[in-house]
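Here is a short briefing on one structure.

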Amino acid sequence: MARPIIVFDLDGTLVDTAPDLMDSLNHTLATSDLPAVDEPSFRRFVGNGGRVMIERAFAAQNRPLTAVEHDRLLHVFLEHYSANIPGRSRPFPGATDAIARFESEGYILAICTNKYEANSLALIDALGLSSHFAANCGQDTFPFRKPDPRHLTETILKAGGNPDRAVMVGDSRTDIDTAKAAGIPVVAVDFGYTDRHVSAFDPSVVVSHFDEITLDLAHNLIKSAN
Ligand SMILES: O=C(O)COP(=O)(O)O
Ligand SMILES: [Mg+2]
């Protein structure tokens, strides 16, 4: 039987990137004379990549944003963010133990993120975690991205996995919608970046710590999905 696969979202799930994303967003907004966003606002803006984050920050202040300015700001954001990797970003408590747990059980591990692929690769590398992941697919890896379910299914295939023997772990509505559209069970963590509690989006299960993502839980989710 094919090896099972566990696919992690990155920002707000595997790694607490909020301090750095927020620094870069605020640096970017300052170049347009917009005030800095606070943490609760940031949590509403993140989840669909840098371009959408900037768009939402402008919309929240009722500030118009031209396409040219949007492009310029995305460039400023990405320059600042990529120059500061890994910054203060660290894996969430229990994340590296969970990686070891699933790896030693023979699971394939992968990342499916709406970060740009280069930034996802650089961050995971800077944290010394690259060797654990068979695939690390960002918003620009394929011509589609979360919530398009193909971002998840193609990540699984690229990692050498089988979508019928897969489980996703994510922190946002985007992840949950993606996994559900792909017919793949999804564990929602409740410590990530979302303005509404993840239970509102009807994931397979909600956990508050990586220790709760046991081998039994993953096994049962995969079994019940088939
Ligand atoms: O950077 C974002 O906006 C989202 O990234 P994620 O898909 O890893 O949560
Ligand atoms: Mg996320």
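Leaving aside its neighbours within four places in sequence, which residues is I176 in contact with? They are G170, V186, A188, V198, F201, D202 and P203. The model is predicted. The points below cover the helix that holds I176, the two domains, the ligand shell and some backbone features.

**I176 and its surroundings**

- I176 sits in helix α8, which spans residues 173–182.
- I176 counts as buried because 25 C-beta neighbours lie inside 10 Å, and the cut-off for buried is 20 or more.
- K146 is 30 residues away from I176 in sequence, yet the C-alpha to C-alpha distance is 9.6 Å.
- D202, one of the contacts of I176, lies in the loop between β7 (186–189) and β8 (205–207).

**Helix α7 against helix α8**

- Helix α7 covers residues 149–158 and packs on α8 at an angle of about 70°, with the axes 7 Å apart.
- The two helices are therefore roughly perpendicular.
- From α7, the residues P149, H151, L152 and T153 take part; they meet T178, A179, A181 and A182 of α8.
- This contact is made of five nonpolar and three polar residues, with no charged ones.
- Buried residues in α7 are H151, L152, T153, T155 and I156.
- G160 follows α7 and has a positive phi, near 85°.

- Across the boundary, 14 residues of domain 1 are in contact with 12 residues of domain 2.
- The domain 1 side of this boundary has three nonpolar, seven polar and four charged residues.

**Ligand 1**

- The shell around ligand 1 has 13 residues, and the closest are L10, D11, V46, T113 and N114.
- By class, the shell holds three nonpolar, seven polar and three charged residues.
- Domain 1 and domain 2 each supply at least three residues to this shell.

**Cis peptide bonds**

- Most peptide bonds are trans.
- The bond from I85 to P86 is cis, with omega near 5°.
- P86 lies in the loop between α4 (67–83) and β3 (90–91).
- The bond joining K146 and P147 is also cis, and its omega is about 10°.
- P147 belongs to the loop between β5 and α7.

- Most residues other than glycine have a negative phi.
- N62 is not a glycine, but its phi is positive, about 55°.
- N62 is in the loop between α3 (49–60) and α4.
- Is N62 buried or exposed? N62 is exposed, because 6 other C-beta atoms lie within 10 Å and the cut-off for exposed is 12 or fewer.
- D202 is not a glycine either, and its phi is positive, near 60°.
- D202 counts as partly exposed because it has 13 C-beta neighbours inside 10 Å, which falls between the cut-offs for exposed and buried.

Terms used: Residues are numbered from 1 along each chain as its sequence is written. Chains are lettered from A and ligands numbered from 1 in the order in which they are written. This is a predicted model: local features need pLDDT of at least 70, side-chain atom pairs count only at pLDDT 80 or more; totals for chains, interfaces and linings use all residues. A residue is near a molecule or strand if its C-beta atom, placed from the backbone, lies within 6 Å of it. Ala, Val, Leu, Ile, Met, Phe, Trp, Tyr, Cys and Pro count as nonpolar, Asp, Glu, Lys and Arg as charged, and the others, Gly among them, as polar. Domain bounds come from an automatic or database domain assignment. Helices (H or I, at least four residues) and strands (E, at least two) are DSSP runs, numbered from the N terminus. Two residues are in contact if their C-beta atoms, placed from the backbone, lie within 7 Å. Axes are lines fitted to C-alpha atoms, for helices over the stretch in contact, and angles run from 0 to 180 degrees between N-to-C directions. Angles under 35 degrees count as roughly parallel, over 145 as roughly antiparallel, 65 to 115 as roughly perpendicular and the rest as oblique.
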